[in-house]
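Work through the following exercises with the sequence and the model side by side, and try each task before reading its solution.

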Amino acid sequence: MRLASFKPASLREPGSDNPLASSRGMFILVALTACAGKGAATAESTAATTTSPASSTATVAGDPGTAATAASGAPPSGSAILPDASPPPEPMASALPIDLGRKVPPFPLRAVSPDKVSTVARGAVPVPEGLASKIDPTAPFFVWEQVLPPRVVLTFPKHVGLDLYVVLFDGEVSIKADDIAGKQKRLWPWNAARVPGLGAMVESKEPTRAIFVLVANAPGGTLGQAAAAAPKVGWTRRPAPVMSVELDKQPDLAWGGGAYHARLGFEDGSASLGALMASKSAPVRQNVHEHEWEILAILSGDGTLVRTRGGREDATPIAAGTFASIAPGVPHAYRPAGTSPLVAVQLFLPPGPEQRFKSLASGAN
């Protein structure tokens, strides 16, 4: 995985293939999942759900399999490849930290809604005011932190080419639409929702911080292509059901002697979503997913994201309050600084690589 903060195309670093670049502290990884109320994901409309693409065969965190190496043979000095003699990482608690949301620094891409005022996401790719210029039309997603005072409603118009993912790390909201059973889905910290086709309101019940992700839902599609279809983007029936999930109630997938933990929420649709944790001494071995984007919202942790291109390593510091993305086909690894555990919200577009966590937890490497 590569970490970086999201910049407009004009501000990208030379040679970068990633619309996100970042800096700062703790690292917490959350995967997107769909589930309502307590427990497993539940559908809230009669529309058919989408299917999940084939899983990637990438080597992932803590996998004892052989990591990818540069063509030169022996890894270069400081390589992300771990020597066999490395001591095993220490274990960590499996529970998602419930009080983390109040400690995370502001993310660089951030929208703060005005007090007690209804707001509307606008534009061909509907985002809050001030963020439209940050969108990279060549990317399949846009991610930001949304801050909502109490009793604020953020409205997203219908858009058949886009899906919305929401993950709370502080506060409480309701996702409202006429075609949702009961007219709403309530979310608390470590809850997530998937809203295919947008066409919903997000209403805050108390001061709230959440991660919002807009995803182009056409296979291989980009935000620019989705925007080009405007204004013919409405729908009479939602493309797929609105779903919600409690990530902290999902099965704990643990491996590496308890040094690594994952909880999967959404595993199908346009993106998978879940939470990933690693202890302060646990590295992520070099891995690559050939066809999927990876998106990270880092809530806790510090260390270095190492990506390899053309046999050369590019090391980027990571910390809490930063976003990162890794383009398909880019080998990447994580070196912990050894001071704080990694906790993050994680998405894969399309789904697939997250299935490896199940194999690791079962010992079927």
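**Exercise 1.** Find how many contacts beyond four places in sequence the model has for residues 2-18.

Solution. The protein averages a pLDDT of 82, and 76% of the residues score at least 70.

This is a predicted model, in which local features need pLDDT of at least 70 and side-chain atom pairs count only at pLDDT 80 or more, while totals for chains, interfaces and linings use all residues. Residues are numbered from 1 along each chain as its sequence is written, and side-chain values use heavy atoms, with hydrogens and water left out.

**Exercise 2.** Describe the surroundings of D163.

Solution. Begin with the location: D163 lies in strand β8, residues 153-176. Next, consider charge: D163 is buried but has no salt bridge, and R194, the nearest side chain of opposite charge, is 6.4 Å away; a salt bridge needs a side-chain nitrogen of Lys or Arg within 4 Å of a carboxyl oxygen of Asp or Glu.

**Exercise 3.** Explain why Q250 counts as buried.

Solution. Q250 sits in the loop between β11 (243-246) and β12 (253-255). Q250 counts as buried because its relative accessibility is 10%, and buried means under 20% relative accessible area with a 1.4 Å probe, protein chains only. The side chain of Q250 reaches the backbone oxygen of E246 at 3.0 Å, and a polar contact is a pair of N or O atoms within 3.5 Å, where within protein one must be able to donate a hydrogen and the other to accept it, and residues adjacent in sequence count only if both atoms are side-chain atoms.

Key
Helix = DSSP H or I, 4+ residues; strand = E, 2+ residues; numbered from the N terminus. Buried < 20%, exposed > 50% of the residue type's maximum accessible area, 1.4 Å probe, protein only. Lys, Arg positive; Asp, Glu negative; His and termini not counted. Contact = heavy atoms within 4.5 Å. pLDDT = per-residue confidence, 0-100.
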